Amino acid sequence: MKHLKFSHAAENGVFWMLILLGTLGFLSLFSAGRQAIQTGGGKIKALAEGRSHKTSEGFRPICSVSHGRKQVALTFDISGDLKELPGLNQVPKILEENQVKASFFVSGEWAAEYPEHIRELSDKGHDIGSMGQSGGSMNGLTTKIRQDEISQAHVCLEQLTSQEINLFRPAKGEYDDSLITSVCAMGYYPIGWDVDSQDWKDYGAFAIQKQVLENEELKNGSIIRFHCGSKYTAQSLADIIDGLKTSGYELVPLSQMIHKEQYHLDEQGRQIKNEG
């Protein structure tokens, strides 16, 4: 009898295990299906709005903007230990003194660790953009993991700011066709740059100024990239702002400069408004 009771219990255990596995499988499929529907909906929305990032050289992020206004956008990547970011407090102060609004890209993890800094930047009118939850390279990750990275950061950044978070910059500028299409499908504008300050090389303030102000790529609609954690960025910033203004450029955040719909990109990632 003991043997029969054991068998009966075992059969019940197997039965409920199958039920559990079946339920988990259904939930997994449901989640994947919902995510696929959401992503598909995002692709349809992007197509309906005439947003195309496909070029003859593959998919590209927005690296500059073609329009009739003499504008450029200053962008800053933030990551790392707060104690190692000497420019984090200085850069916003210099921007405020020169009445300039910029765009800051952060990871969800960094924002969660230093929420007061994100709120302050947002409250002062600067764009807040995403670099994903971890802020690391997304090369080699599956589409689902990439989407999860972007979604987690999205929730975090929208909770900390009063902004609509829709700007995304791939960490270190590393991307592939799949990442760009995923970003666009999730309602984001993938952002690159055409002028790199190369402040991360730590060659000094004058070298950074020269790299930006004498850059052969500098033009109307340029997106200029800096890092808040670089040693000499803050020291060079005021002179760069002055030089750009002297050359007739208006400095605006990305949200005011990029085209939001009906556009395409050329091979260099220059955003061009569709005709008609």
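Arg119 is partly exposed because its relative accessibility is 38%, where partly exposed lies between buried (under 20% relative accessible area) and exposed (over 50%), with a 1.4 Å probe and protein chains only. This is a predicted model, in which local features need pLDDT of at least 70, side-chain atom pairs count only at pLDDT 80 or more, and totals for chains, interfaces and linings use all residues. Residues are numbered from 1 along each chain as its sequence is written, and side-chain values use heavy atoms, with hydrogens and water left out.

**Arg119**
- Arg119 sits in helix 4, residues 115-123; helices are DSSP runs of H or I with at least four residues, numbered from the N terminus.
- Between the C-alpha atoms of Arg119 and Gln159 there are 9.8 Å, with the two residues 40 apart along the chain.

**Cysteines**
- Cys156 is buried because its relative accessibility is 13%, and Cys184 is buried at 9% relative accessible area.
- There are zero disulfides, a disulfide being a pair of cysteine sulfur atoms within 2.5 Å.

**Nonpolar cores**
- A nonpolar core is a set of buried Ala, Val, Leu, Ile, Met, Phe, Trp, Tyr and Cys residues joined through side-chain atoms within 4.5 Å.
- The largest one has 43 residues, and Leu74, Phe76, Leu95 and Phe104 have the most contacts inside it.
- Helix 8 (residues 233-246) gives the most to this core, five residues.
- Beyond its neighbours within four places in sequence, Leu74 has contacts (heavy atoms within 4.5 Å) that include Leu95, Val100, Ile224, Phe226, Leu237 and Leu251.

Conventions: Helix = DSSP H or I, 4+ residues; strand = E, 2+ residues; numbered from the N terminus.
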